[in-house]
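Me: I'm new to this one. Please walk me through it, one piece at a time.

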Amino acid sequence: PSERVVIPVTGMTCAACQGRVQRTLSRTPGVVDASVNLMMGNATVSYDPAAVTPDALVATIRDTGYGAELPR
Ligand code: 9UX
């Protein structure tokens, strides 16, 4: 069973940025699917909650060099 979260991402200004974030998320253990939208400025991630958390996904995005924060 997977869950899905939409994470706002800041600092993506080109298609390569989008590709970087998407590739990094896709390679993260526990991530089932990652789709990053440059125009919307967000990342939609399906993940296995037993393997990874939204907070960890945010940290991964930040480590890649972009801003991310969970909506509240
Ligand atoms: Mo293009 Mo995106 O140099 O950082 S990859 S703006």
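Predicted model: local features only at pLDDT ≥ 70, side-chain atom pairs only at ≥ 80, totals over all residues.

**Helices, core and ligand**

Me: Why do residues three or four places apart point the same way in an α-helix?
Reply: An α-helix has 3.6 residues a turn, so residues at that spacing point the same way.

Me: How many residues does α1 have, and what is its reach?
Reply: α1 has 12 residues. From first C-alpha to last, α1 reaches 16 Å, close to the 16 Å expected at 1.5 Å a residue.

Me: Zoom in on V21. Why does V21 count as buried?
Reply: V21 has 24 other C-beta atoms within 10 Å, so V21 is buried. The cut-off for that is 20 or more.

Me: What does V21 touch, leaving out residues up to four places away in sequence?
Reply: V21 touches V9, M12, V36, A43, I61, T64 and Y66.

Me: What about Q18? Which residues is it in contact with, beyond four places in sequence?
Reply: Q18 is in contact with M12, V36 and L38. Q18 is also in helix α1. With 20 other C-beta atoms within 10 Å, Q18 is buried.

Me: How far is Q18 from E69, C-alpha to C-alpha?
Reply: The separation is 16 Å. Along the chain, Q18 and E69 are 51 residues apart.

Me: Switching to the ligand. Which residues surround the ligand?
Reply: T13, C14, A16 and C17 surround the ligand.

Me: Now the core. Which residues touch the most other members of the largest nonpolar core?
Reply: I7, V9, V21, L25, A43, V45 and I61 do. The largest nonpolar core has 15 residues.

Me: Which elements each supply at least two residues of this core?
Reply: β1 (3–10), α1 (15–26), β2 (31–37), β3 (42–47) and α2 (54–63) each do.

Me: Tell me about A43. Where is A43 found?
Reply: A43 is in strand β3. A43 counts as buried because there are 26 C-beta neighbours inside 10 Å.

Me: And what does A43 touch, residues up to four places away not counted?
Reply: A43 touches I7, V9, V21, L25, A34, V36 and I61. The C-alpha atoms of A43 and I61 are separated by 9.4 Å. Those two are 18 residues apart along the chain.

Me: What else is I61 in contact with, outside four places in sequence?
Reply: The contacts of I61 are I7, V9, V21, A43, Y66 and A68.

Me: On to α2. Which residues of α2 are buried?
Reply: L57, T60 and I61 are buried. They cover an arc of only 100° around the axis, so they are on the same side of α2. On the other side, D55, A59 and D63 are exposed.

Me: What do the buried residues of α2 pack against?
Reply: They pack against β1, α1, β3 and β4 (67–68).

Me: Take L57. Why is L57 buried?
Reply: L57 has 23 other C-beta atoms within 10 Å, so L57 is buried. L57 touches V5, I7, L25, V45, Y47 and V52, leaving out residues up to four places away.

Me: How far apart in space are L57 and A15?
Reply: L57 and A15 are 20 Å apart, C-alpha to C-alpha. In sequence they are 42 residues apart.

Me: Last one. Which residue with a positive phi follows α2?
Reply: G65 does, and its phi is near 110°.

Conventions:
Residues numbered from 1 in each chain as written. Core = buried A, V, L, I, M, F, W, Y, C linked by C-beta atoms within 7 Å. Buried ≥ 20, exposed ≤ 12 C-beta atoms within 10 Å, placed from the backbone. Helix = DSSP H or I, 4+ residues; strand = E, 2+ residues; numbered from the N terminus. Contact = placed C-beta atoms within 7 Å. Expected span 1.5 Å × (residues − 1). Near = placed C-beta within 6 Å. Arc of directions from axis to C-beta.
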